[in-house]
Amino acid sequence: MKKTGTSDGVSIMSEKERKRAARSVKKTDNNLVWLWHNMEGFRGIYFLAILGTLLYNALQLVVPYFSAQLVDRFLAGSDAAYNLTNHRDQFFLLLELMVGLTIFRVIIVYLDCVAYERVSQGVLYRVRNFLFDKIQRQDMKFYNTFRTGDLMTRVTGDLDAVRHMIAWVVRMVVEACALLLATGTYFFLMNWKLALCLLAVAPVLFVLIYRFKVQVKPMHQLLREKLAGMNTIAQENISGNRVVKAFAREDYEIERFDVGNRDYRDTNIKTAYTWLAYYPYIESLANLLPVIQLLAGGLFLIAGDLTMGEYVAFSGLTWAIANPMRQLGNIMNEFQRFSAASRKVMEIYYAEPDIVDPENPLEHTGRFDGLIEFRDVSFSYEDSNLPVLKHITFTAKPGETVAIMGETGCGKTSLIHLIPRFYEPTEGEVLIDGHNVNEYTLKDLRGGIGLATQDVLLYSDSIDGNIAYGDSHISREEVVKFARYSAADEFIAKMPEGYDTIVGERGVGLSGGQKQRISLARALAVKPSILILDDTTSAVDLETEKEIQHSLRELSFPCTKLIIAQRISTTKTADQILIMQHGEITERGTHEELIKKGGYYAELVKLQTGM
Ligand code: DUT
Ligand code: MG
């Protein structure tokens, strides 16, 4: 189990897999090379599968050969009756060979399907796990950049296109090439002149397919974007459905989805039409083959350059050239789908978080003393150059409670996010126990911090599971103890299944204040050296809040507390109160000192207490 915001979760990959992944992270821009990297361990069986494909396609040519022999020698030939009585053993041998080879071919095809499935599913499983691992380890910036629906598309639809490439596209290419090559060679050996005449269509074919590729490539990229867009609409609506309902915007949302859906359908149709524009030409070329053969073959036949037998062999095998030609469009389409999808997968595959462990991290065991220092810290988000924090300097001594107040948007949340290194300051340093936070490993750093975030997210799990999220080893007694600290025990005990009550996604079934209290218990349950509460008791009534305040003073472990709050009642007992305005600390001191000062805080006190 892992704590919100820590860098190290339960590893979903074995050490061996991780090492393999590290090797294959040699960055490449080529999606086929990338695929090859990820096929490590499967390459042998894949090679066998390709050989199998070649074999059963070859058998496709051999079986008709035997049946022709059989017919000519024993059934239709002039001495068929003679052969049948005197060479009966040969007849049976041919028959057995034919049946045997057919069964053999069926077995090969079957094994081949098994092999392709195993390899493609194996690679898919590996890449999917790797992607999830990658996504888990990204920093806040990543989550601000990528939309959830888009990420979901990458680990589902896009990955499936990659699997399709391994299991189907490569196989079709091998099949088409094998047939073309085998028949081509056979034709050349038989009669190179006629073979050359047939081959005259090849340049035209290549030009057509190349033009098709150029035209269809952007279509597949667009198609993929439309799908991700539609998934995003669906995902946002499902997870934000309560807002939709509150504003009675169902019809509007259905309409919005319909627009996305229609757009996706139209792009799909357009992509299909792109191929349809080429189809008549390719089909005409394929149909041209028998005509060329008739014309050129006829002329060669008359001139005596071709025997009748050769002519028959040519016409019997034209399909082996025409069919792969007809498949080319399909293959190209699927290949472009793979191309567009794999680019998206690779973007995540190679994504590196900016915030990572230092190369030589500080040795750190046990707890922090809890000394927090901000030294002239300034900060702005990357997507906007507006400074959010300006020259912040303050110290919270071990065990102290520091309250941060200020109007909405003044930068309180941004400030506390610098402590667990969710973001890096643009200037100045944040230190814990005298060391810059970037000297610790993320695991050590975040492991020492208990954070209750402003918007509470609970997991679809029992209340017990939610509280023990950061440390799954703690006992039920301890879970209850932390629930008491956060004044949650009473309402939890009244729930139908007590601590085993399952709360829905995002804590459906609980009130805002109840969720906040569970989130506080969750932050306390890791017995942090530093506790950060971001507006955690804003939805709790005054009486309960008082209770929580009292418990926080009596914690069974030493702990420095940073508390963001709007209410004087929450902050007045703090050792130090910081008032923030527009990213700056404008007032600091104790409750009494600040009242005496007669500034923003004194104004707040007047407003909130009516004195
Ligand atoms: N901001 C961004 N990007 C973010 C988060 C915030 O640009 O990802 C901006 C919005 C705001 C400023 O930073 O103008 C400070 O935001 P913060 O969330 O730190 O404000 P707050 O003091 O915590 O406000 P509230 O009391 O509403 O929680
Ligand atoms: Mg905030």
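**Exercise 1. In this predicted model, how does Glu225 form a salt bridge with Arg224, and how far apart are the closest N and O atoms?**

Step 1. Glu225 pairs with Arg224, and their closest N and O atoms are 3.6 Å apart. A salt bridge needs the side-chain nitrogen within 4 Å of the carboxyl oxygen, so the pair qualifies.

Step 2. Check burial. Arg224 is buried, at 6% relative accessible area. Glu225 is partly exposed, at 33%.

Step 3. Widen the view. Arg224 and Glu225 belong to a salt-bridge network that also links Asp150, Arg154, Asp158, Lys344 and Glu347.

**Exercise 2. Find which parts of the chain the salt bridge of Glu347 and Arg154 links.**

Step 1. The two side chains meet at 3.5 Å, N to O.

Step 2. Glu347 sits in helix α13 and Arg154 in helix α7 (residues 148-190), 193 residues apart.

Step 3. Compare accessibility. Arg154 is buried at 3%. Glu347 is partly exposed at 40%.

**Exercise 3. Explain why the salt bridge of Glu352 and Lys134 ties together separate parts of the chain.**

Step 1. The N to O distance is 2.9 Å.

Step 2. Glu352 lies in the loop between α13 (319-349) and β1 (372-379), while Lys134 lies in helix α5 (residues 88-136); the pair therefore ties together parts 218 residues apart in sequence.

Step 3. Glu352 is exposed, at 52% relative accessibility. Lys134 is buried, at 10%.

Step 4. The whole structure holds 29 salt bridges.

**Exercise 4. Identify the protein donors of the magnesium ion (ligand 2).**

Step 1. The donors are Thr413 (OG1) and Gln454 (OE1), 1.9 to 2.3 Å from the ion.

Step 2. Thr413 is in helix α14 (residues 412-416) and Gln454 in the loop between β6 (449-452) and β7 (461-462), so the pair ties together parts 41 residues apart in sequence.

Step 3. Thr413 is partly exposed at 23%. Gln454 is partly exposed at 41%.

**Exercise 5. Work out the strand order of the six-stranded open sheet, then state where helix α19 lies.**

Step 1. The order is β6-β9-β10-β3-β11-β12, with mixed pairing.

Step 2. β6 and β12 (584-589) are the edges; each has a single partner strand, so one side of each lacks a neighbour in the sheet.

Step 3. Strand β11 (residues 576-581) runs antiparallel to β12 and is joined to β12 by five bridges. Met580 has Ile585 as its bridge partner in β12.

Step 4. Helix α19 (residues 512-524) lies across β6 and β9 (530-534), at about 175 degrees to β6.

Step 5. Twelve of the 13 residues of α19 are buried, so the helix is largely enclosed by the rest of the structure. Its buried residues pack against elements including β6, β9 and α20 (542-553).

Conventions. Residues numbered from 1 in each chain as written. Chains lettered and ligands numbered in written order. Predicted model: local features only at pLDDT ≥ 70, side-chain atom pairs only at ≥ 80, totals over all residues. Heavy atoms only, no water. Donors = N, O, S within 2.8 Å, 3.2 Å for Na, K, Ca; no water. Helix = DSSP H or I, 4+ residues; strand = E, 2+ residues; numbered from the N terminus. Buried < 20%, exposed > 50% of the residue type's maximum accessible area, 1.4 Å probe, protein only. Pairing = 2+ DSSP bridges. Contact = heavy atoms within 4.5 Å. Axes fitted to C-alpha atoms, helices over the stretch in contact; angles between N-to-C directions.
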